[in-house]
Structure formats: structure tokens, C-alpha cells
Amino acid sequence: MKRIITIILSLLFFISLAQAQHDASQGIHIGMQGGIGYGLYRDIGASPLTYRGLELMSGLSVSVWQPLWRFETRLNLCGGGYGNRLGLNYMQAYGGQVRIDFQAMRKTVEMGRWQLWAGASLDDRADIRYNSTLGNSCVGASNFINLNLIGRAEMHLSHWVLHGQLAMTPLSLLLRPGFCYMDNYDHQINNPLSDFMKQYQWYWAGATIVATQLGATLLLQNGNRVALSYRWHYLTSRATADNVTAPYTFEQAGHAIVFELGFKL
Amino acid sequence: MKKILLSIISGCLLLAVTSCEKALMVDDVSASPTSTFGYLWKKFDQQYAMFDVKGVDWNAMYDSLYPRVNDTMSSDSLFLVCAALLNSLHDGHVNLYTPYDVGRSDSIYYDFYSQSDIDVNTVVLHYMGVNYHVAGGLAHAGLCGDSVIYIRYGSFSNAIGEGQLRHLLHSYPNAKGMIFDIRGNGGGNVANIYRFLKLMPSHGQPLYYSQIKSGPAHDDFSPLETTYAPLVSASDTDVFEKPVIVLIDRGCFSAASSFAICTYAYPNITLMGDTTSGGLGMPSTGVLPNGWRYRITLTRTLALDGGNYENGVPPDIPLRLDWEKVWQQGRDNIIDSACAILMK
């Protein structure tokens, strides 16, 4: 299966290389991303320890670049294995994340080789973590629906675009476990799905995510793009941990190197 | 303009390259003995669901044990203090796990498990016979000339299959009643409760109520959630509607006690034996700052009569095992009594 995908991707890439020249900085592109990174998280309701580990990610995107506007829809999958600082074998945890992102940006300033873009995105980050040592609360999940503000600076060289991007999240709608973590505590025998995550709570929070990106994009003559970027993010549920009935603090951060191929349609 | 551009670029560089999450994340909880003890005490103070039935003054426990904790003490000494704190709850679902030892309630062993009223050898040799049948997690045999189905179920961790149960019923077509012996059953997977109950006349009637801790005060609980009996099709001919006697004792804990309170919803089921060891709340596991783990009861289960039988579910027919009869005659007076009732 891997070979087939590799062959198809290579064919797509080289076929498009042979095509006539196109402007890779404009138009509609289908993107494929792959990345590797270092991630960490802490879910204080389940454990006061920080779990760190290796993460792999992949993604698909559709982007529309116009002279003044850019639109992008992105689907990312991420998974990792984590251990805590004590290095005890029985503390191993596993996690995965799905992120769907809709983004729009407008060019606000252009000055020589420099461009400044500003925009916003709406994204949903659903993540789930599994730690078998936590008994009946071995599964922890959360869902962040976020409104993000984005600023992006670009320097355009002949075939290269260097960029730095900063995104911050002023408002999120979160789904998190309640005061006590338990996968299910009442047994709806005839409808087992109804009690899954029953004690989870929705709530609003502000200033939940900050994310940065530094990268370089090579604009190929055939209209395709190749990009490499370094990405960092920090996410917090902004909940307070003690003496409240609100959910406990959940924090997550990650560093990743992401490679991306963009095929012009 | 250049200033804005430069500040975005330099902001990205600064945040990304310096692993900025260290500055943003909540500080680590100290793993010192005093911090670990305080963390454990507070977790239980806020989340433990059984203070109302355990009769423990948790503040007094802190006051009496905290003076024994200091940051130069050994790990072994800290374990003893923390285990003593949890031991005061007398809860079989409360434990302290370290790489080298497990803290557990001694009173559960002295007062409950050790008081179990079953001698398995007597049951096998003098009642079931060595050629008894095994269907999944159930061992069964016919008593009184196959007029009584005797089922021995030693642990709710052993899976029960619906097909196996039906086959078991078909093996005793002339049975007048059933003995379901869960004495010494320390619990396991509650899903097996409902698998077994599918054999009983279940029509979605309420079985019990559950609540989970929802706040830090000892009486902060979520609204009652009702658990209902499994639905059995009206055309299902494998429902056993004849009298059933469930044998219980002090060795029944956790899921076995939950099964016992479920029987309140079935008019054809009678509990016989001794009060169970309780353990109706659902436990979960947490981690301490030093990496140790603890097990804590986070929910409580109330019977249909509103009672909290966390410390034990009483039998309908109290009867203790006569050990003299066991040793001298190879007789189990509890099974004999159950058979006599079912054969009437």
C-alpha cells in the first residue's frame, strides 16, 4: 500500500513537472503533508505529570491563492506515544488528534519583497489519549472548537517564499471531562453509547492556543509547490484545577518539522 | 511597516526556538514527600465518594499523619504514612501502588474476605462431582436429581456468554429452581452482571441508581442516573422464571455486590447467606506527583430502596456456613437449605 501511494505521488509530481510553466503562487492547490515532531501534554485531572513523546502527523489540504486573498481547508491527523519524566514503564500513554481547519487571509500590506497577511480561521481539534494504568479513566478526550486570528509575514525571493506566521486563539468552545474522570460510570445496558463521556462538559474559554510557524516554500515552474516548515504550538484548556467544579487544566505543546507537497489543479 | 513584519518574524522565532511552552505551562507539582502526601490527601478529600458511609474524619486523619511526613524521609516511610491514610477508609477499592508494594485495607481482609462462607473443595467433591460442566466462566451441575441447577461463579472477571447460559438451561429441562453461588466472588467486569440477567425476566425495569462526584465538597454529586435491566424479547423462551437463590457472603465484593443489589429488581430471586463486603462504587486510578498511583472510589451506587449498601448488601435469608458440618460431614448447610427451599 505504501509503495502504491509513493508511486502515485511521484507520478503526479513528475508529470506535473513536465507540464508547461505556471505561477505557483496563484491558483488552487491540493496539498499533502507529512511530519515528525516532539509533543507533550499534561491533563491534571488524570495525572500531575507531564507526558512527552514522539509524534507523527499527516494531512491533506485544499488551498486557493489569489492576489489579495487566500483560502485553505486542512485536515490533519497526529498520533504519538508518550512517557513521563519518571521513566516508569507502566506510565506509557498513547494519543491521537484530528484537526479540521478553515482559514481565510487577506494581504494587508505589500512592500517590495515583503508581504503581510492577516486573517482568521475556524478549527476543530479533537484529541484522545489512552493510558491503561488509569483504570476506569484510561481514556481521556477533549475537543476544542477555536476561532483563531492569524498574522503572516512573507519574503518573496525569485522562486522561494520565506514565511513566519503567528496564530492566536481568542475564543474556544471546549469539551472536557468533568470534576471526576471516568469513562462511564452508569451502565446503560440497552444503549451503551448514551453513557459514553456522560460527565464531560462544554464551556467557553479565551486565549487557549498560540501557534507559530517558520518555513520556506519553493515555487516550481510547473505551478506546484514544495514547502518545509517548523511548527510550534501551545494549547491550554484555561481551566483552573482546584476547588471548582470546572474541568481540570489540560495543556499540550508540540514542535514539528512538516514537509508539504502542493499540486496545482 | 518593517517593524510589524520584523516583530511577527522575531515573535515566531522566539516562541518556536526557545520551546516557549515551558514559560506558559502550569508549574510542575513538587514530588517531595510533603507535597505528595498533601496531594493524595486533597485528591481524596475532594473526589472520594464514600465519606458519608465510612465515618472517617478526613481532616483529623491529616492532622494526625502529616506530622510524620517530612522532605527528608525515605520512600518506604512515606509509603507507610500514605498507606495508613488510605487504610483508614476501610475500602477494598482504595489502594496505593508503588513499584515495590501495594497499600490495601487490612480490615477488608480481616473483617470481610477472611469471613467468606464457602469451602470450594466441599462444593466440588460433595455436590457438583468432579465431572461437573464448565461453560465459559460458569461451572454447573444438577443437584437433587437435576431438579436444581447449581451454578458456581467464582469471579465476575470470567466472561459469561449468552449462548453458554442458554445451553446450560437446556441441559436441565426439568429444573424447579436454580442456585447461583457467588460466594467468595471478589468482583470483576460489571458487564457480566447484565449478561447473566438476560436469563432472568428482564423487561427494562430499574436496577439501581448511580452518582459521580461533581465537586470538592463531600456531598457534591451529580444527579441520579438509573441503570435499567436488559431488555429481553417477549418471544425469548430461554428466560428462567422459576425461583433462583443467589448465595452471597463476606467474600462478595464490587461487581458481586452490584449483582446482589440488582436482584432486588427480580421477584423470583432471593439472596441467601451473609452480608457482602460492599464495594458498590466505581473506582478509578490517579497518579501522584512522585509517580505512584492510587485507586479511589469516585461514584456511589444506591439501591432501588435508596439505601447505600457500600459497606455490604444484606441477604434476604441470613445464614452462615456451619464449618463443623463442612469438616465432619462434608456438607454445606447453605446449599442444603437452598435446595430444601427450591424443592418445596
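## Strands side by side

In chain A, β10(A) and strand β11 (residues 250–264) run antiparallel, joined by 12 bridges. Strands here are DSSP runs of E at least two residues long, numbered from the N terminus, and two of them pair if DSSP finds at least two bridges between them. One spot to look at is A:Trp232, whose bridge partner in β11(A) is A:His255.

Now for the other partner: β10 (residues 225–236) of chain A also pairs with β9 (residues 209–219) of chain A, in the antiparallel sense, over 11 bridges. There, A:Thr217 sits opposite A:Ala227 of β10(A). The two strands make a hairpin with five residues between them, and A:Gly223 in the turn has a positive phi of about 100°.

## What you're looking at

This is a predicted model, where local features need pLDDT of at least 70, side-chain atom pairs count only at pLDDT 80 or more, and totals for chains, interfaces and linings use all residues. Residues are numbered from 1 along each chain as its sequence is written, while chains are lettered from A and ligands numbered from 1 in the order in which they are written.

The model scores ipTM 0.82 and pTM 0.86. For chain B, the mean pLDDT (the predictor's confidence in each residue, from 0 to 100) is 90.

## Zooming in on A:Gln103

You'll find A:Gln103 in strand β4 (residues 93–111) of chain A. Its C-alpha atom is 6.5 Å from that of A:Leu122, 19 residues apart along the chain. Beyond neighbours within four places in sequence, A:Gln103 has contacts (C-beta atoms, placed from the backbone, within 7 Å) including A:Phe71 and A:Ile150.

Key:
Helices (H or I, at least four residues) and strands (E, at least two) are DSSP runs, numbered from the N terminus. Two residues are in contact if their C-beta atoms, placed from the backbone, lie within 7 Å.
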